[in-house]
Each structure stands twice: as C-alpha cells, then as structure tokens.
Amino acid sequence: MSAARETLVVKFGGTSLGTPARIRRAARRVAALVSGGRSVVAVVSAMGHTTDHILETLGALETGRGAGPAAREVDRALATGEDLSAAFLAAALNAVGVPARSLRGGEAGVRADGEFGAARVAHVDVRRLRSLLARGVVPVVSGFQGERRDRETATLGRGGSDTSAVAIAAALGGGACHIVTDVDAVYDRDPRLHADARPLRRLSHDQLLVLSGTGAQVVAAEAARLAQAHGVPLRVLGWDAPARDEESGTFVGSAP
C-alpha cells in the first residue's frame, strides 16, 4: 500500500498573483509540491490592488457599507476579486499539466456566520475538497469569503484569505499551511517601514499571535489565532522564493 500523501494548504497573497508571470510562478510552485508528493489546496487573495479598485468604484457609486441591501452587494462585488484570482491560477495550473479547479468559498465548504463585511468562519465542510484531492485535482479556493446559512456570500474582512487558508488546513487535519506573501519572512517590525527590522526564522504560535496583534501585518490576527487554537504549522515565505525551496521564510509551530 502506498504511503498517504501529506496535505498542504498554500495561500497566495495579492502580490504573488499580481501579473501573469507571477501567476505562472505560483502555478510552478504548486506543481513542484504536487510532484514532490503533496496533496495541495491553494487559497488565493485578489490580485494586486483589485480590492482597492473595487472599493473605489463602490465609493464612487456612494453605496456605503451599512446593513441591508447595499452591504450585500458590496460583499458580492468584493468577492469577485478572489474569484478571478482562483480562476486564473486554476487555468495556469491546468496549462502546466496539473489538474485544478477553482471554487468559491461556499463551493469549497467554507461556512460563515455574521454580518456582511465582518463575517467569521463557522466551520469548513471538507467533503468536496477531499473528493477533488482523491482524484488528483488541486482545489483553488477563493479566500476572504464564506457562505452563510441563508446561502449568501459574506466576506471576512481584511486579511480574510489568511483566515480561510488556516481554517481549511485545520479542518483537513494535520496539514501545514504556507502563506506566500510580499515579504520573505515574518519580521520583528514592518520591514517596509523600518530598515533595521530583523527576520524571525522560528516562532511559536503564541509569539506569532502577539506579533500579529501589534501591527506586523504579515499574518492576519484571526488566522494566527486559529493556527494557535488548532495547532496548524505555518510557513511564511516570499512569492519569489524558489519553487523547490523548503528552508526559507519563517516557520511557526513545533515543526518546519
């Protein structure tokens, strides 16, 4: 009997998918992980400044973000950014010979509670993800969104794609989560603002939770909380790290 394949969730931030070349690079990273024996679930943010552009357009329409019909339409508009990224990455994966399918958050089983724009992940029904993985298909999931009991799509707030990725990793059980972002590691301070910021190669979940709550802005605070609560090992690495690099970045938890 063959050994079970390790399941790995890889979350790609907006910078990682900002151009066609970067999307192809992300696809090569997933392809390398699959060829190395992993079962991979990809979770994506909106490309580049897509979310900001959508908000600008909504602002020009004077929609507001209060409760009611306007809030529903704002969330549906915002969710399209991640949906587009998911379709692009799935297309790039299929182009390099890795079977892949894009899924909206609800289609992937991400259930949410709460108001539009401020929902929280209630649980993840992983049956569809497991079915795709068993067939050798890489699910590419729109982050930042979930489906409520009333079947409406609600967004999770800024940083919500990190939360989606960690919640999926926790629900799948035992697998790690890689967060591919615009910096090469977690730093003790924001390296974009402080030239003397130091990279941190190993962190405990407790240490990451403290950093995420003090403005380090690499891993969303809710994602750090979920990783601590469920013991999900994390690796934070830069989008330009070599696809087969297993050492760079910051490892969070007891094992790399």
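Phe-144 is buried, with a relative accessible area of 8%. Buried means under 20% relative accessible area, exposed over 50% and partly exposed in between, with a 1.4 Å probe and protein chains only. The model is predicted: local features need pLDDT of at least 70, side-chain atom pairs count only at pLDDT 80 or more, and totals for chains, interfaces and linings use all residues. Residues are numbered from 1 along each chain as its sequence is written, and side-chain values use heavy atoms, with hydrogens and water left out.

**Backbone and loops**

Phe-144 sits in the loop between β6 (138-142) and β7. Helices (H or I, at least four residues) and strands (E, at least two) are DSSP runs, numbered from the N terminus. Phe-144 is not a glycine, yet its phi is positive, at about 75°. Most residues other than glycine have a negative phi.

Arg-151 also has a positive phi, near 70°. It belongs to the loop between β7 and β8 (153-155). Arg-151 is exposed, with a relative accessible area of 62%.

Gly-175 is found in the loop between α5 and β9. Its relative accessible area is 11%, so Gly-175 counts as buried. Beyond its neighbours within four places in sequence, Gly-175 is in contact with Thr-7, Ala-169, Val-232 and Pro-233. Contact means heavy atoms within 4.5 Å. Gln-207 lies 32 residues from Gly-175 along the chain, and their C-alpha atoms are separated by 20 Å.

**The chain as a whole**

The protein chain holds seven helices and 14 strands. Along the principal axes, the C-alpha atoms fill a box of roughly 50 × 45 × 35 Å.

Of the 256 residues, 50% are buried. The accessible surface comes to about 11900 Å², and carbon and sulfur atoms account for 52% of it. These areas come from the Shrake-Rupley method with a 1.4 Å probe; for residues, only the protein chains shown count as cover. Among contacts between residues at least 6 apart in sequence, 69% join residues at least 24 apart.

**Pockets and cavities**

Rolling a probe the size of a water molecule over the atoms shows where empty space is left. On a 1 Å grid over the protein atoms alone, a cavity is a set of points where a 1.4 Å probe fits but cannot get out; a pocket is an open set with protein on both sides within 12 Å along at least five of seven lines; lining residues have an atom within 4 Å of a point. Grid points are joined across faces, edges and corners, and a volume is the space filled by probe spheres set on the points.

| Space | Volume | Lining by class |
|---|---|---|
| Largest pocket | about 790 Å³ | seven nonpolar, 14 polar, seven charged |
| Second largest pocket | about 220 Å³ | one nonpolar, six polar, seven charged |
| Largest cavity | about 50 Å³ | three nonpolar, one polar, four charged |
| Second largest cavity | about 40 Å³ | four nonpolar, one polar, three charged |

Ala, Val, Leu, Ile, Met, Phe, Trp, Tyr, Cys and Pro count as nonpolar, Asp, Glu, Lys and Arg as charged, and the others, Gly among them, as polar.

The largest pocket has a volume of about 790 Å³. Its lining has 28 residues, and Lys-11, Gly-14, Ser-45, Arg-158 and Gly-159 are the closest to its centre. Two or more lining residues come from each of α2 (50-60), α5 (160-172) and β9 (176-181). α5 gives the most, with three residues.

The second largest pocket is lined by 14 residues. Nearest its centre lie Arg-76, Asp-83, Arg-104, Gln-145 and Thr-153. α3 (69-95) and β7 (145-147) each give two or more residues to this lining. α3 gives the most, with four.

The search of the whole structure finds two cavities of 30 Å³ or more. Arg-29, Leu-33, His-178, Arg-235, Leu-237, Ala-243, Asp-245 and Glu-246 line the largest cavity. The elements that give two or more residues there are α1 (20-35) and β13 (234-238).

The lining of the second largest cavity is made up of Phe-12, Ser-16, Arg-22, Arg-25, Ala-26, Arg-29, Val-180 and Trp-239. Here α1 gives the most, with four residues.
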